[in-house]
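Q: Please take a close look at one part of this structure and walk me through how it is put together. After that, I would like to see how the rest of the picture connects to it.

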Amino acid sequence: MKPVIALVGRPNVGKSTLFNRLTSSRDAIVADFAGLTRDRHYGNGKSGKQEYIVIDTGGFEPTAESGIYKEMAKQTRQAVAESDVVIFVVDARAGVNAQDHEIAKYLRRLGKPTVLVANKAEGMTQGLQLVEFFELGLGEVVPVSGAHGQGVRSMLDLALESIPGLAEEDEEAVEADTGVIRLAVAGRPNVGKSTLINAWLGEERLVAFDLPGTTRDTISVPFERGGQKYELIDTAGIRRKGRVFEAIEKFSVVKTLQAIENAHVVLLVLDATQGVTDQDAHIAGYILESGRAVVLAINKWDAVDAYQREQIERQIETRLAFLKFASLHLISAQKRQGLGPVWKSIAQAHASAMRKMSTPVLTRLLMEAVAFQAPTRSGMFRPKMRYAHQGGMNPPVIVIHGNSLEHVPDAYTRFLEGRFRKAFDLVGTPLRIEYKTSE
Ligand code: GDP
Ligand code: GDP
């Protein structure tokens, strides 16, 4: 499971700047999809092969008694509780202040691995000015400059190294297809996730047992349906109590993100009576970014009238346009309507995500596509495509080799994507196309 890093500190010390540094590797993917909210506080990052999740917390005033600061403090505490390591950011130029002391006190008491970082340290004579941060009682301070990037790498290494047990975890093992579909049911609180799961699993002869928990507290439920094995991944939004599933009160973005990462297929549940909310769009954005296969279910269809139905269908087209590749189901978990076909889409999305595509077939399809319509010239360059091979599964990646491929227009990439999707019957999974230019 990906480790979680929380950025904590008072306002204006440079947390968001560091957040952007730590997550920049994935941003390009997200930017390609219109309609995705950019205002995010959770991000993915990668250092070498080690992937991680970063949480940017708002300004933290642990002693705030009321109002927005109290709410921010609450959110920050939750983020800290869910993280594996805390990066505590202070301002190298402003020096230590009372708020820093409060935060330090809170973190010391918590006893979580913590890396103390003095930001805005560019051009400073190290050591001298930073000595005062020792008062915070969190050990040595690491000077960084989020704005210029200095020290960010060592800060990240220190943070990851301080997580116990991380080094021993699996080294991106290439996963064999075991025939088990790992399914995460994601969605905001109250959209009907537990009702749906209980409706489903109640009707089956459920073979449920807890797998021995991993070090970081995951729960999953294996079961079988129509000869197909599934493993339902706990999203913390949902917990099993005896034979019944129920939503626990606290919605956890971190747990949702981790469940999404660990799934083959994510069933994203929306509430028809609420329409597509910002939080829905956020969760959808995370799923997209993770590259997981996805099926959409609009629940509580029984509770909306014709006008609302039309509205929500329009909202899905606009706000979730980037999930166009996913199948959509209009269901009622409570009345058990429309549930069967959702399973079909889950299996179809899984099969699509795991599809094997041979180099000869890919190359033939590529050549046919180019013969039908060649990529346009861009200035002096005409992209030349030579062959294609599969670069990965879940999500499928198609790598196209040739010359001047950095000049291929986006519209052409979409054209190719459409052809490949059709030829391989890829539904419910993202498809990534990458270019490798030789010379
Ligand atoms: P946050 O409120 O903690 O998220 O802080 P921001 O990331 O929004 O940064 C607050 C201000 O500090 C902004 O004006 C940034 O441009 C500036 N800042 C951030 N990092 C650095 C840095 O490394 N050096 C300097 N000089 N300024 C920085
Ligand atoms: P969760 O937080 O996503 O797990 O949501 P729950 O399964 O606890 O459901 C939240 C509320 O929505 C409960 O009061 C359910 O009875 C109700 N609900 C769930 N599914 C449906 C549905 O299909 N139609 C209607 N009208 N209400 C539903």
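## Strand pairing, up close

A: Let's start with β7 (residues 180–186) and β9 (residues 228–233), two strands that run parallel and are joined by five bridges. One of the paired positions is Ile181, whose bridge partner in β9 is Tyr230. Two strands are said to pair here when DSSP finds at least two bridges between them. Helices (H or I, at least four residues) and strands (E, at least two) are DSSP runs, numbered from the N terminus.

A word on what you are looking at: the model is predicted, so local features are given only where pLDDT is at least 70 and side-chain atom pairs only at pLDDT 80 or more, while totals for chains, interfaces and linings use all residues. Residues are numbered from 1 along each chain as its sequence is written, and chains are lettered from A and ligands numbered from 1 in the order in which they are written.

Contact means that the C-beta atoms of two residues, placed from the backbone, lie within 7 Å.

There is also an open sheet of three strands, in the order β15-β16-β17 and again with mixed pairing. Its edge strands are β15 (384–392) and β17 (432–437), each pairing on one side only. The twist here averages 25° from one strand to the next.

β15 and β16 (residues 397–403) run antiparallel and share seven bridges. Across this pairing, His389 stands opposite Val399 in β16, and Met385 has Gly402 of β16 as its bridge partner. On the β17 side, Gly402 stands opposite Thr437, within a parallel pairing of β16 and β17 that has six bridges. β16, helix α11 (residues 410–424) and β17 together make a right-handed β-α-β unit. Right-handed means that, with the strands pointing away from the viewer, the path from the first strand over the helix to the second runs clockwise. Helix α10 (residues 359–372) lies across β15 and β16 at about 140° to β15.

Asn12 is a non-glycine residue with a positive phi, of about 75°. Asn12 belongs to the loop between β1 (4–8) and α1. Helix α1 (residues 15–31) gives the most to the shell around ligand 1, namely three residues. That ligand is surrounded by 14 residues, the closest being Gly14, Lys15, Ser16, Thr17 and Ala147; a residue counts as near if its C-beta atom, placed from the backbone, lies within 6 Å.

Finally, confidence. The chain averages a pLDDT of 84, and 84% of the residues score at least 70; pLDDT is the predictor's confidence in each residue, from 0 to 100. Two stretches to read with care are residues 25–39, where pLDDT stays under 50 and the model has 22 contacts beyond four places in sequence, and residues 204–218, also under 50, with 17 such contacts. For the complex, the predictor gives an ipTM of 0.78 and a pTM of 0.76.

Methods
Axes fitted to C-alpha atoms, helices over the stretch in contact; angles between N-to-C directions.
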